[in-house]
Structures are given as C-alpha cells and as structure tokens.
Amino acid sequence: MSQLDVKTAEFYDQFWPKSVPVLDKTREYVAMTVSEAHVGRALDAGCGHGICSVALSERADQVVGVDVSSECIQTARKQAEHFGRKNISFERQDLQNLSLPDTSFDLVWCWGVAMMAPDPMKVIHNLMRVTKPGGVIYLGLYLKTWLTPFHELTRHFCRTFMNGPRRKKFVCDFFTALTHVHGTLVGRQTNLRTDNISIQAQVEDWYYPPYKTFYSIEEIVELFRRNGFEANCIQDRVGRIKSATIFVVKAVRNA
Ligand SMILES: C[S@@+](CC[C@H](N)C(=O)[O-])C[C@H]1O[C@@H](n2cnc3c(N)ncnc32)[C@H](O)[C@@H]1O
C-alpha cells in the first residue's frame, strides 16, 4: 500500500463511524447537484461514511469509493450492504497517491475532501488524471474568506490545547450554543444540517482535522481550465450543509 496520511486517517477513523448521515437528504443533494442521469463508472473520492457512494450508485453502473481511513471504509461497506447496493467497491487509498488507472471514470465526486490532505494539489491532479475525456468532476472545497485566518487560529488552538475528550466536548458544546444564539439573533436557524449530523459533530469536523486549505473559486476554476477542463462554480456558499464555507465546481474534461 502506498504512503497514507495517517493523521487524517486517525481523525476520521473516530469521526464518521459515530456520525453517519441519513441517505434521503444526501440523495436529494446529489440529485440537485449532479446533472448526469446515468453514468458508467463513478469515483467517490474520500467517501467517508459511504452514503454519497450509495446515492451515486443509483445513477452509475459501478461506483468505487476511496478513503484514507480504514474505519471509514468499514463503515461505508456496512452502508452499501445495508442499502443492498451491489455495484459499489471500496478501497483504502490516499488520494494524494491514488493508484487507479488514467481516464477510468465518467464521474468523479470529491466533496469536502481534497483540502484536508497535506498536499491538496496532488489530490486534485489525481482526480483530473482518472477522469475520462468528456467525463465530469464535482469538487467541493473550503472557500477562502476574510474569516479564514481566525478559523485557522482557532483550529490550531483547539488541536494544541483543547484536544482531550472533555476539552473537545467543551469546545463543541460552546460553539453549538453560540450557533443557537446567533440563530436566535438573526431570526433563523443557522448551520443546521438536515442529514442528521449534529452541530457538535460539525464543530468537531471544522476545528479538529489535522490539515485544511482554503481556496478562492477563481483559482480552482482557472486550475481546471489550464488542465483541459471546462469549469464553472455551481454552488457558491450553499453546499449540502447550507454553509458559507463550501463551494462546488463542476469541471468537464475536454474530449
Ligand atoms: C469531511 S469528510 C467528507 C466525506 C464525504 N465525502 C462527505 O461528503 O460527506 C472528508 C473525508 O475525506 C477523507 N480523506 C481526507 N484526506 C484524504 C486523502 N488524502 N485520501 C483519501 N481520503 C481522504 C477522510 O478520511 C474523510 O472520510
């Protein structure tokens, strides 16, 4: 097995098995995002819990789910079995060193993953490499905003000083309370996911991953264009977690 990002694997080993999203909402989001009604081969790059793989398997002949975390792969396999999906296979791999053949996928789904690698560009170049001419990549990344340096300072603080179970719980509860207060003040509920992921889990996923990189939409669209893709941002700050922090670019490889 090629080299793995062990720190990220360890974080997600303990994260997704305890927070699997519900299929219905994920299926709705995939249907809203993916415009291809049916494809041959799809890659769920950084499949985590495997629920997106299940949703994709309803519109692909075959899905391959890849994740760096062995516990995620086990969780994803259980989900595929639970939903009776026989056209998905899962592999533990690091997307930075992805060992899958060139031009082998019609659709690549990589949502909330690439920017968690120590070298996200290696991941993105591998996604481009495995996409067939005429094939499509859906890439969801963290958006760089004026708040990014503050978030990053908080993440480093949390990982350095607030990393024991009780301190981590304190941080997650604190930001959850803050979210509720903000929701009350602005008169609406903010940051709530409808797919059964608690705010505490969202806080943990925001402030505790070992690596994070933020991008502007323009630099990612330009990156795809330089590499022979037609790219557009299709969701700007309104990903499936109704978040101000994720944007999704759709990139079609020139035939
Ligand atoms: C925020 S979760 C997103 C999971 C899923 N794509 C979703 O949309 O819910 C990030 C996932 O990417 C995986 N991941 C992060 N870096 C990776 C890498 N270099 N190679 C493979 N998987 C990676 C993590 O293990 C984790 O399961």
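Author: Let us begin with a definition: a residue is called buried when its relative accessible area is under 20%, exposed when that value is over 50%, and partly exposed in between. Please keep in mind that this is a predicted model.

Reader: Which residues are buried in helix α1?

Author: An α-helix has 3.6 residues a turn, so residues three or four places apart point the same way. In helix α1, which spans residues 6-15, the buried residues are Thr8, Ala9, Phe11, Tyr12 and Phe15. They lie on the same side of α1, because they cover an arc of only 165 degrees around the axis. Val6 and Glu10 are exposed, and they sit on the face of α1 turned away from its buried side.

Reader: What do the buried residues of α1 pack against?

Author: Their partners are α4 (70-82), β3, α7 (165-186) and α8 (199-207). At the start of α1, moreover, a side-chain oxygen of Asp5 comes to within 3.4 Å of the backbone nitrogen of Lys7.

Reader: Is Trp146 buried or exposed?

Author: Trp146 counts as exposed because its relative accessibility is 68%, and the cut-off for that word is over 50%. Trp146 belongs to the loop between β5 (131-142) and α6 (148-161), and together with Leu147 and Phe150 it makes a nonpolar surface patch of about 380 Å².

Reader: Where does Thr103 lie?

Author: Thr103 is in the loop between β3 (88-92) and β4 (105-111), where its phi is near 45 degrees, a positive value in a residue other than glycine. With 34% relative accessibility, Thr103 counts as partly exposed.

Methods. Residues are numbered from 1 along each chain as its sequence is written. This is a predicted model: local features need pLDDT of at least 70, side-chain atom pairs count only at pLDDT 80 or more; totals for chains, interfaces and linings use all residues. Side-chain values use heavy atoms; hydrogens and water are left out. Helices (H or I, at least four residues) and strands (E, at least two) are DSSP runs, numbered from the N terminus. Buried means under 20% relative accessible area, exposed over 50%, partly exposed in between (1.4 Å probe, protein chains only). The arc is that of the directions from the helix axis to the C-beta atoms. Contact means heavy atoms within 4.5 Å. A polar contact is a pair of N or O atoms within 3.5 Å; within protein, one must be able to donate a hydrogen and the other to accept it, and residues adjacent in sequence count only if both atoms are side-chain atoms. Patches are made of residues with over 30% relative accessible area and no salt bridge: like charges are joined within 9 Å, nonpolar side chains (Val, Leu, Ile, Met, Phe, Trp, Tyr) within 5 Å. Accessible areas come from the Shrake-Rupley method with a 1.4 Å probe; for residues, only the protein chains shown count as cover. A salt bridge is a side-chain nitrogen of Lys or Arg within 4 Å of a carboxyl oxygen of Asp or Glu.
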